[in-house]
Amino acid sequence: TMELAYELYAQSRIRVTTSELNRIIEKSVKAYAPFSKSRIEPKIYYGTQVSISPPTIVLSVNRPDLFSPDYKRYVLNKFRESLPFSEIPFRVLFRRA
């Protein structure tokens, strides 16, 4: 049990580069672009990790209110698949650029 606790603690302390986050965002948006019912297109400009323990990723977007909960969950799952945070909780925040 202690070994697992140390492993989870190590995962929570990992820092990911902005370029790696942006590659994941670019692939995710190409695979499934955000959709909005309004005439304004939701856009993700870039992402950056602002904190550890828990890891927190901030996505700079044009309008956070245009992103549906489904799309936010999609982005969170793409990060979970691609980043070394598979077993710990982490946050993804959408903020206006």
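The legends below accompany close-up views of a predicted model.

**Figure 1. Overall arrangement of the predicted protein.**
The protein contains three helices and three strands. Read from the N terminus, these elements follow the order α-α-β-β-α-β. The C-alpha atoms occupy a box of roughly 50 × 20 × 20 Å along the principal axes. The protein has 97 residues, of which 34% count as buried. When contacts between residues at least 6 apart in sequence are considered, 67% of them join residues at least 24 apart.

**Figure 2. The largest nonpolar core.**
This core comprises 19 residues. Ile57, Leu59, Val75, Phe79, Leu83 and Val92 have the most contacts inside the core. Two or more residues each are supplied by helix 2 (18–31), strand 2 (56–61), helix 3 (69–82) and strand 3 (91–96). Helix 3 makes the greatest contribution, with four residues. Leu83 is one of the residues with the most contacts inside the core. Beyond residues up to four places away in sequence, Leu83 touches Val16, Glu20, Leu21, Ile24 and Ile57.

**Figure 3. Crossing of helix 2 and helix 3.**
The axes of these two helices come within 10 Å and cross at roughly 130°. The crossing of helix 2 past helix 3 is right-handed. On the side of helix 2, the contact is formed by Glu20, Leu21, Ile24, Ile25, Ser28, Val29 and Ala31. Helix 3 contributes Tyr71, Tyr74, Lys78, Phe79 and Ser82 to the contact. Sorted by class, the residues of this contact are eight nonpolar, two polar and two charged. Phe79 of helix 3 takes part in this contact and is also among the residues with the most contacts inside the largest nonpolar core.

Pro64 is located in the loop between strand 2 and helix 3, whereas Arg95 belongs to strand 3. Apart from neighbours within four places in sequence, Pro64 is in contact with Lys72, Phe94, Arg95 and Arg96.

**Figure 4. Surroundings of Arg95.**
With the neighbours within four places in sequence left aside, Arg95 contacts Val58, Leu59, Ser60, Val61 and Pro64. Among these partners, Leu59 is also one of the residues with the most contacts inside the largest nonpolar core. Arg95 has a relative accessibility of 47%. Since exposed means over 50% and buried means under 20%, Arg95 counts as partly exposed. The C-alpha atoms of Arg95 and Arg39, 56 residues apart along the chain, are separated by 20 Å.

**Figure 5. The cis peptide bond between Ser53 and Pro54.**
The peptide bond from Ser53 to Pro54 is cis, and its omega is near 0°. Pro54 is situated in the loop between strand 1 (44–51) and strand 2, and Ser53 lies in the loop between strand 1 and strand 2 as well. Ser53 is not a glycine, yet its phi is positive, at about 55°. The relative accessibility of Ser53 is 36%, so this residue counts as partly exposed.

Note on methods: Residues numbered from 1 in each chain as written. Predicted model: local features only at pLDDT ≥ 70, side-chain atom pairs only at ≥ 80, totals over all residues. Heavy atoms only, no water. Core = buried A, V, L, I, M, F, W, Y, C linked by side-chain atoms within 4.5 Å. Buried < 20%, exposed > 50% of the residue type's maximum accessible area, 1.4 Å probe, protein only. Contact = heavy atoms within 4.5 Å. Axes fitted to C-alpha atoms, helices over the stretch in contact; angles between N-to-C directions. Left-handed = near helix turned anticlockwise from the far one by under 90°. Nonpolar A, V, L, I, M, F, W, Y, C, P; charged D, E, K, R; others polar.
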